[in-house]
Amino acid sequence: MNRRDFLGTIGAAAMTAWAPGAAFAQRGSANYSNLLVLVELKGGNDGLNTVVPYADAEYYALRPRLAIPRDQVLQLDGRAGLHPSLEPLMGPWKNRELAIVQSVGYPGGNLSHFRSIEIWDTASKSNEYLADGWLARTFAQAPVPKAYAADGVVVGGAEMGPFAGRATRAIALTDTEQFLRQARLAAPAGGARNAALHHILRVEQDIAQAAAGLNGNRSFATEFPRSPFGNAVRTASQVVASGAGVAAVRVSLNGFDTHGNQPAIHARLLKDLADGLLALRGALVELGRWDSTLIMTYAEFGRRPRENLSNGTDHGTANAHFLLGGRVQGGLYGAPPGLARLDGNGNPPFAVDFRDIYATALERWWGVDSARALNGRFAPLEVLKA
Amino acid sequence: MSGWLALTSAAQAAGAPLGFDDARHLLNRTSFAANAEDIHAFARLTREQAAERLLGWARKPPVTAPPAWVDAPFESPRQMRMMGEEERKAFQREQFEKGIELRAWWLTEMLTTSSPFTEKMTLFWHNHFVSSQQKVRSPQLMYRQNVLLRRHALGNFGQLLHAVAKDPAMLIYLDGVSSRKGQPNENFAREVMELFTLGEGAYGEQDIKEAARAFTGWSLDPRGGEFVFRRALHDDGVKTVLGRSGRLDGEAVLDILLAQPQTAEFVVAKLWREFVSPRPDAQEVKRIARVFRDSGYEIRAALRALLVSDAFYARENRASLIKSPVDLVVGTLRQFGFSTGEVLPFVFATSGLGQNLFAPPNVRGWPGGENWINSSTLLGRKAFLERLFRVDETRAMLAAAAGGMERAKGTGRLTDGRERFLRAMMDVSFDGPGWLARFQGDAAALQRVVLAAAPVTAPPAGMQGMDLIRHLTMDPVYQLK
């Protein structure tokens with residue numbers, strides 16, 4: 001029996017139940033057996049105290065109270081170092097599984113939380129309003145296999161962000177078991193008589209399918225931190241452990257809008273982040289998914305280089321972000337913060353457009369042409385191993 | 001011949017009494033969900049009479065008293081810049097609380113008004129002339145804008161446009177306050193064309209640049225929070241907007257926009273999507289837009305033409321619109337005659353379902369329609385309805401939770417908030433037997449009041465009482481209007 005006969009005999013549905021990734025064996029399709037995990041740092045993380053330009057005198061001049069002292073920085077190279085709270089990430093860094101992209105932003109950086117995260121979520125220009133998220137547009141163009149539990153899962157919070165769009169099969173849940181209980185309220189049945197009803201019935205169907213495909217009882221040897229972010233990472237791991245597959249998961253960590261008393265708050269947030277990411281790595285390794293997972297952080301903006309008078313930082317623009325995974329080519333990417341070239345608001349220029357990072361995920365990770373989903377041609381970073 | 005026949009049958013339909021289903025349809029689209037008494041009253045009217053009565057119902061001043069602080073001396077959000085850390089936090093906390101009070105005020109008005117159509121239209125304009133508390137940061141100015149929108153809700157669109165352009169919250173929201181001669185901010189000039197009057201593509205980038213110059217000098221007096229014209233900041237040079245040249249000021253630009261036939265069509269198409277169906281009929285929109293313009297932009301004229309049209313009553317347009325979160329929450333509470341205490345839980349319910357009053361997501365407003373429903377909001381809607389129709393069964397549990405809280409009192413604000421929330425939930429009640437009594441066991445009659453069309457899953461034969469209500473409100477068709 002050759003492969004073609006074999007597929008014909010057992011049928012596509014049985015095939016995907018048996019191995020989620022195998023549904024994409026056909027050439028030219030998107031490879032959604034590669035999982036994308038987005039980590040949103042809500043409120044706008046201070047990239048400058050996350051990836052510290054410890055050799056730049058300008059940094060210490062702008063932040064007499066907030067700067068991380070040179071001797072506390074976890075050095076990555078001769079210029080950049082991590083905040084000491086990110087110590088748990090030094091393992092992946094030394095393993096060369098952690099890529100750090102500096103000076104990520106976009107032209108006309110908007111300083112409003114609401115507007116700027118909308119720009120990131122929809123991958124729009126700064127003066128353009130798009131209704132659908134960038135992943136929703138991607139899935140519309142290159143559909144996720146029908147047998148998957150969902151296109152995407154949002155862990156914690158009900159805002160669909162990059163998944164927002166009428167046709168996306170996106171599920172929001174805080175806890176898989178709780179979702180499975182609530183999903184009983186959705187009972188898809190009957191035929192649609194108009195577009196509105198059709199849409200509602202489709203969403204009911206999506207909920208039921210996700211509920212059928214997800215389970216909440218995989219136990220892990222990995223210990224998850226006892227924090228909201230730790231719980232989110234645990235839920236994300238449960239979702240990934242479910243056999244039916246999802247293309248993307250988003251988790252978020254809240255509280256980065258550090259206008260005042262930043263040092264203690266930011267140190268705790270970064271520790272939560274690093275502990276959570278390390279636990280996620282552990283769970284994915286257990287599941288055999290570490291090499292087929294790409295983790296990316298994002299946020300609406302970075303923070304102002306010059307500290308404010310409340311021992312905090314105000315809204316900024318360019319920021320540092322992490323890419324993490326078994327097939328990530330570790331190292332520093334982008335450009336060091338341009339602290340000598342601040343704009344009229346006191347913010348640094350960007351070197352890497354955030355849509356370049358999205359293009360990396362679409363082109364290099366999933367094998368999808370990104371020009372349509374991103375409304376333009378952006379240059380993927382060479383940050384993944386073949 | 002066939003055209004003549006169609007005309008007479010339409011004319012007949014227009015001259016005959018509405019009957020129950022048409023009356024229900026009209027009221028559900030123009031109020032938050034009608035009760036049986038109102039439907040029966042309207043069933044006896046013709047289309048014209050029904051439209052007249054609805055338009056006549058409009059009331060301008062709300063019946064709900066606003067929070068006391070709306071008339072307090074203006075608190076400029078700018079003063080925050082001068083504050084120290086602690087003071088600023090306290091100020092922000094206070095503004096946050098006031099924001100909740102403001103939303104509670106409007107929701108209370110929606111729940112209690114005898115003219116829900118006024119609220120629907122005020123909400124329509126709030127979603128057209130968008131401003132958001134998230135950027136304006138002044139509950140006082142957001143309140144004043146709401147008063148302005150409701151004053152003109154069924155008035156004259158031209159006057160409304162002129163008033164909104166000088167509205168302080170709008171001046172902050174679309175950056176008019178920071179626009180000056182030599183450095184015009186284009187935000188308002190762009191949106192007034194794209195979203196308030198012409199619609200995308202009916203103007204050029206140069207029109208925006210020139211219009212932005214015309215609006216310079218329209219500013220805000222930081223002491224009273226009132227509109228002020230600052231002549232020194234105004235660019236009084238010659239501008240050309242949509243082919244008209246002169247030393248145009250802001251008023252002149254607005255009049256140029258109102259003179260474009262496209263403006264009437266744009267607004268009528270939006271009213272169509274709100275009240276008739278998701279897909280406007282281009283021919284009919286043109287016809288009604290002409291009525292609208294010929295009336296000098298009287299909003300009532302456009303609404304009357306829309307609400308007596310065959311399209312409004314067409315079979316295929318029934319149950320074709322998705323209820324907004326406000327429709328669902330306020331409609332359910334009104335239709336079933338729930339009694340409520342503090343409306344706090346419903347402020348959170350509507351915002352949790354995606355419609356945070358006074359804070360639309362961006363200048364385009366809530367996209368609405370199918371965008372209201374995703375997996376999270378659909379389960380949220382169903383969970384809300386389930387809680388509501390089991391509120392009597394859960395009261396004991398709520399009481400226990402609130403009691404436990406009392407013992408733990410003094411532990412901080414969050415607990416206070418939760419306790420307020422629980423107490424408010426305990427005050428919600430539904431007189432099921434009383435409400436059901438009027439149907440005298442007639443399940444079909446009950447269904448015709450509750451649903452805009454037959455349910456996807458018909459209730460099992462013999463299902464009655466609360467079980468029937470729960471069954472029908474869980475049906476996907478309950479999400480439609």
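Author: Happy to! Pro222(B) is partly exposed, because 14 other C-beta atoms lie within 10 Å; a residue is buried with 20 or more such atoms within 10 Å of its own C-beta, exposed with 12 or fewer, and partly exposed in between, with C-beta atoms placed from the backbone. This is a predicted model, in which local features need pLDDT of at least 70 and side-chain atom pairs count only at pLDDT 80 or more, while totals for chains, interfaces and linings use all residues. Residues are numbered from 1 along each chain as its sequence is written, and chains are lettered from A and ligands numbered from 1 in the order in which they are written.

Pro222(B) sits in the loop between strand E1 (218–221) and strand E2 (226–229) of chain B. Helices (H or I, at least four residues) and strands (E, at least two) are DSSP runs, numbered from the N terminus. Leaving aside residues up to four places away in sequence, Pro222(B) touches Ser76(B) and Arg78(B), where a contact puts two C-beta atoms, placed from the backbone, within 7 Å. Its C-alpha atom is 10.0 Å from that of Pro168(B), 54 residues apart along the chain.

Now for the chain around this loop. Chain B has 25 helices and 4 strands. Its C-alpha trace spans about 80 × 75 × 35 Å along the principal axes. Of the 481 residues of chain B, 44% count as buried. Among contacts in chain B between residues at least 6 apart in sequence, 72% join residues at least 24 apart.
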